[in-house]
Amino acid sequence: MKKSYTIPCSSLFRQAALDLAERRGVNVADLVRSILLAFPAEVINGQPDPGEPAAGDRETVTLKSGPSKGRPWRRKPRLQVRMTPGYPVPMLRKALAVALDLEKGALDVDLRPTGQSAAPSEAVAEELERLRAMVAALAFDPLPNGVEGRAEALHVLGFPPTARPDKTELRARFRILATIHHPDGDFGNHDRMAQLNEAMNYLKRYMTG
């Protein structure tokens, strides 16, 4: 079951989110979902909230029903996303801000254990190259026709075709793979990230159907 969220935001923020989703070949809800699954809640909530639109920031829409059908109406700019119920709207707006900051290279998330010092830049580059080669060798090849069945969805998430993972196992596996394959990461791949989202959505429907 999903809920439709209305996320008030500035016109510039809304357009930036829509543009990023278009470039990635996904919708805005996919962007939000990827960040929520790839990053701990405390990281997302720790980011500044872009906030609601200023008083003079309004968009004009044409009413589609009711006594005033066909008339223009000025309202706050907003984004509509369908997500699992239970998220505060500010958190969803912050998740989009994280996605935009990652795209611009304005957010540096340090995943090293606390207290671990940075290695020399040359050693870091060598380690990244080694890890990139490992990811490329071990990662799944994107399915040419997309996810067309349960077995293919499980394959994309790294489960055998007869596996029956529960929601907790699926979420944990997705979080790990999304951290690796998110296009904004060092080892990211747009096609793999898109199929991870597709596989996860398929299995969610399968489990709730």
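This is a predicted model: local features need pLDDT of at least 70, side-chain atom pairs count only at pLDDT 80 or more; totals for chains, interfaces and linings use all residues.
**Overview.** I looked up the fold elements first. The protein chain has eight helices and four strands. Along the sequence I read the pattern β-α-α-α-β-β-β-α-α-α-α-α. I then checked burial: 36% of the 209 residues count as buried. Among contacts with a separation of 6 or more, 69% join residues 24 or more positions apart.

**H2 against H4.** I took helix H2 (residues 28–38) and helix H4 (residues 89–104). They pack at about 90 degrees, and their axes are 9 Å apart. H2 is therefore roughly perpendicular to H4. I listed the contact residues next. H2 contributes Val28, Leu31, Val32, Ile35 and Leu36. The H4 side includes Met91, Leu92 and Ala95. I sorted the contact by residue class: twelve nonpolar, no polar and no charged.

**Salt bridges.** My search of the whole structure gave six. I followed up three pairs.

Arg93 and Asp49 meet at 2.8 Å, N to O. Arg93 sits in helix H4, Asp49 in the loop between H3 and E2, and the two are 44 residues apart. Arg93 is buried at 4% relative accessible area, whereas Asp49 is partly exposed at 34%.

Lys76 and Glu52 also meet at 2.8 Å, N to O. Lys76 lies in the loop between E3 and E4 and Glu52 in the loop between H3 and E2, so the pair ties together parts 24 residues apart in sequence. Lys76 is partly exposed at 32%, and Glu52 is partly exposed at 45%.

Arg75 and Glu59 meet at 2.7 Å, N to O. This pair links strand E3 to strand E2. Arg75 is partly exposed at 23%; Glu59 is buried at 13%. Shared partners join Arg14, Glu59 and Arg75 into one salt-bridge network.

Notes:
Residues are numbered from 1 along each chain as its sequence is written. Side-chain values use heavy atoms; hydrogens and water are left out. Buried means under 20% relative accessible area, exposed over 50%, partly exposed in between (1.4 Å probe, protein chains only). Contact means heavy atoms within 4.5 Å. Axes are lines fitted to C-alpha atoms, for helices over the stretch in contact, and angles run from 0 to 180 degrees between N-to-C directions. Angles under 35 degrees count as roughly parallel, over 145 as roughly antiparallel, 65 to 115 as roughly perpendicular and the rest as oblique. Ala, Val, Leu, Ile, Met, Phe, Trp, Tyr, Cys and Pro count as nonpolar, Asp, Glu, Lys and Arg as charged, and the others, Gly among them, as polar. A salt bridge is a side-chain nitrogen of Lys or Arg within 4 Å of a carboxyl oxygen of Asp or Glu.
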